[in-house]
Every structure is written in C-alpha cells, then in structure tokens.
Amino acid sequence: MNKKSIFQTVLFALAILIATGLTSCEKDDGGKGGENEEMDERYQEIIANYIDVTVVPTYKALAEAALVMREANNALKTAFEADEMNDSHMKAAADAWMAARIQWELSEAFLFGPVGEQAYDIDAHIDDWPLEIEEIYAKLEEIEEGGRVLTGKEVWEWDEDVIGFHVTEYLLYRDGKARPVADITWAETVYLTAATDALVWDCVMAYVAWVGTTNAESKFLTVFRENPAVEELYNTKNNYQNFATKMKPVSEGGNYPSWKDAVAEIATGASEIAEEVGVTKIEAPYKNNRTEEVESWYSWHSLDDYENNILSIKNAYYGVRGSSLGSPANAASASLSALIKELNPELDTQIKEKIEECIKNIRAIGGNGQISFYEVVRNKKENGDMSKQEVVEEAVDSCIDLMDLFDLVDETLE
C-alpha cells in the first residue's frame, strides 16, 4: 500500500508510551492483578485464539506461498537461460504470485504489528503502489547493458516503489493474464528472481516476528538468515520481536496497558483496513480517474484484493482462518465476535451483516468477474462511462459503515 493511516501510527505509539510509563494498572479490567479477573481471562482466551488460529497461520501461509513463488520464478529464469521456456513456465510463475498475493491480502486486518510503519514497515516494503515505471525501465536497461546478475540483497535495499508484490506482478502480468513467453527479456527474468528473493525475506520476517526466532520453524529461519540485513533490521525493534507475546499487557511484559486494550486492537486493525479499502483503494482512484492508483491492476486482481481484505476482517473478528473461498459461518467461542455478541448483540449482528454487505458490494463493481476495477476506472476516465457510479458508491459507503461499527467496539468493552 502507498498510504497508511496516520491515526494508526499515533494510536499505537501512544499505547507503547503509556505501557512503558505505567507502573501499576489503573483500570479494573486490565493487566495482571486487575479486579475483573474473569474478564481478563476471557480477553486472554480471545488474544490466544486470535494469534494461534488467525494471525500466525496466515503469516505462515504467506511465507510458504512466497517460497513457492521463488521456486516458480527461479524455474522460469533457468528455462529462459536454457532456451526452454514456454507458456507453462509463465503460468506457473503467475499462479504462484497470485497464491502469495491472496495470503498477503488476508493479513491486512492486522497491520498494527510487526509489518506496520511503526515497526519493520514490511507492508510498505512489499506492497507499495503505484510503481515508478520509468525507474524500473532504467534498472532493466542497466541490467541488460551491464550483463550482470542482480542479487536479492541489492534489491531489498531499493526504494519501495520498484520492489515487492507489484513489481513482480508487473513483470509477470499484462491485462489480467500471464505474459506471453515472447514478451519476456533476460533482464526481466533477472529482475524478477532478485525481487522475489527480497519479497520472500519480508514475507518470512512477518512470520518470524510474530512467533519469535525461538519458535519459528527451522526452514523459515534458514531463509530469514539468508540476508544479514534482514536479521539486523529485526534486531533493532525489540518491541516487535515475538509479537505474539507482546500483545500481552504491560504487567505481563507486553506492549499494551491492559488485556482490554490488546483485544480492542483487533477492532482497530479491522476498522483501519475497512476505511482503506473504501476510501484509498476504491473511492480515490475512481473519483480522481487515476488508473495508475488502482492496486494490482496489471493482474486485474484488484477487486479480489479488496474482497480478501474484508475477509481478513471477518477472520479477525470471528477468530477463524477462512480462505479466499470463504470463512466458516460461525465465530469461534474465544473470539471478539462472541464477546461482543454477549455485551451488545445488536452491534455484533450489525458488524456481521456489514461484512457480508461489503463483500457483496465489492463483487458488484466487477459484475461478479465480468470486468476488472482497472477497466471500470479506465472506462470512466477515457469514455465518461458512469454506469458503475452507484455500485462503487455503495461499496465505499459499506466499507465506511463497517469502519464506524468497529469504532464502537472499544466503548462496548469498557
């Protein structure tokens, strides 16, 4: 993503400041030794389920998918150099990109942790857009003329607008399809594999940062340590190492003033991505006729991205790990939804209904796959086609409504 809510950074920084400054718990609902021990236990169960069932499996799946993407792109480059590349190599690489992309979008309801701007800034590092196409052209020309092999370590240090998911998407896709083999140059295969290595390290670091180096699977630790600069960055942010433990309140050694504050962060993450989907991802490019600001437009995957963002909200709220094919109908017993259902049944119902409305309205923009969001914006920009105006507004409004509903969660937890 290219823009992140300033409110998100300020809010989290304030939470850290409060946490480090507190020596005792002033509220009766938070932290070890709080008077409302029964509620604290409930909050702990919600956090444990959220981490173990929703967050960590999502980042692990992302890391796995990134490694598959690396294999596919390396195979493509090897086949190119042996003059054996065919369309099946391109399709495999494009499909691997898509699989990794889905897992990333399913994680966006919890950008407040290690991936955020206040931490390792992984989000911006792998998901910045629009791309600087002219700079990408210049880098490709430099590779071609120099005849050199670009390394992932070098690319990992580059600016955000020439690396990450969207540069690899650009190298693999055109107009929603995998590029024909005849279109690919040697320099592009070099850039693709190096950029994929950089992407892999960021995806793996997101997983490692949540579980900690002690608990991470060995195969991921091996990849994590391929680039010393990645581990060096990781070691600069103690508050975000093993973030699964840092969601505990300050009296337990974590980042939050109370268990309630940690649980409320789930709602904050959901609120912020709901706003971003509605305002930044859908409304802004459509209203301003800026096709270049449509996310994932080379693969025409934008509306799927947005739907998966809303699904990430559903997973976070329900305490589940649903795929892009859909989440379970019922929330986990140890979930934010289950708790809100007890405290404010009407709010829980409204949130659940609004989640489904958001998904439905986002799908309606594309007519259930008949047209991409890039084409919607392009047709309005070039031809004055306003036929999608109403459905776009409905999608934006439903996302903003969902944001507003999640903003009510904190006061419900008081």
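**Ground rules.** I number residues from 1 along each chain as its sequence is written, and I leave out hydrogens and water, since side-chain values use heavy atoms. As the model is predicted, local features need pLDDT of at least 70 and side-chain atom pairs count only at pLDDT 80 or more, while totals for chains, interfaces and linings use all residues.

**Entry 1, two helices.** I took helices as DSSP runs (H or I, at least four residues; strands are E, at least two), numbered from the N terminus. I looked up helix H3, residues 87-105, and its end C-alpha atoms are 27 Å apart, which agrees with the 27 Å that its 19 residues should span at 1.5 Å a residue. The expected span is 1.5 Å times one less than the number of residues. I then turned to helix H13, residues 302-318, where 17 residues reach 24 Å from the first C-alpha to the last, close to the 24 Å expected.

For cover, I used relative accessible area: buried means under 20%, exposed over 50%, and partly exposed in between, with a 1.4 Å probe and protein chains only. H13 is mostly covered, with 16 of its 17 residues buried. In H3 the buried residues include Met90, Trp97, Arg101 and Glu105. Ala96 also belongs to H3, and I noted that Ala96 is buried at a relative accessible area of 7%.

Which residue follows H13 with a positive phi? I found Gly319 there, with phi near 70°. Asp83, in the loop between H2 and H3, has a positive phi near 60° although this residue is not glycine, and Asp83 is exposed at 73% relative accessible area. Trp300, in the loop between helix H12 (259-288) and H13, also has a positive phi, about 55°, without being a glycine; at 26% relative accessibility, Trp300 counts as partly exposed. I also checked the peptide bond from Trp129 to Pro130, which is cis with omega near 0°, and Pro130 sits in the loop between helix H4 (122-127) and helix H5 (133-146).

I counted a salt bridge where a side-chain nitrogen of Lys or Arg is within 4 Å of a carboxyl oxygen of Asp or Glu. How many salt bridges does a search of the whole structure find? I recorded 25 salt bridges.

One of the pairs is Glu342 with Arg42, whose closest N and O atoms are 3.0 Å apart. This pair links distant parts of the chain, for Glu342 is in helix H14 (residues 336-343) and Arg42 in helix H2, 300 residues apart. Glu342 counts as exposed at 53% relative accessibility, whereas Arg42 counts as buried at 18%.

I next looked at Asp127 and Arg101, which form a salt bridge with closest N and O atoms 2.7 Å apart. Asp127 lies in helix H4 and Arg101 in helix H3, so the pair ties together parts that are 26 residues apart in sequence. Asp127 is buried at 0% relative accessibility, and Arg101 is buried with a relative accessible area of 0%. Salt bridges that share partners join Arg101, Glu105, Glu108, Asp127, Lys281, Glu295 and Asp305 into one network.
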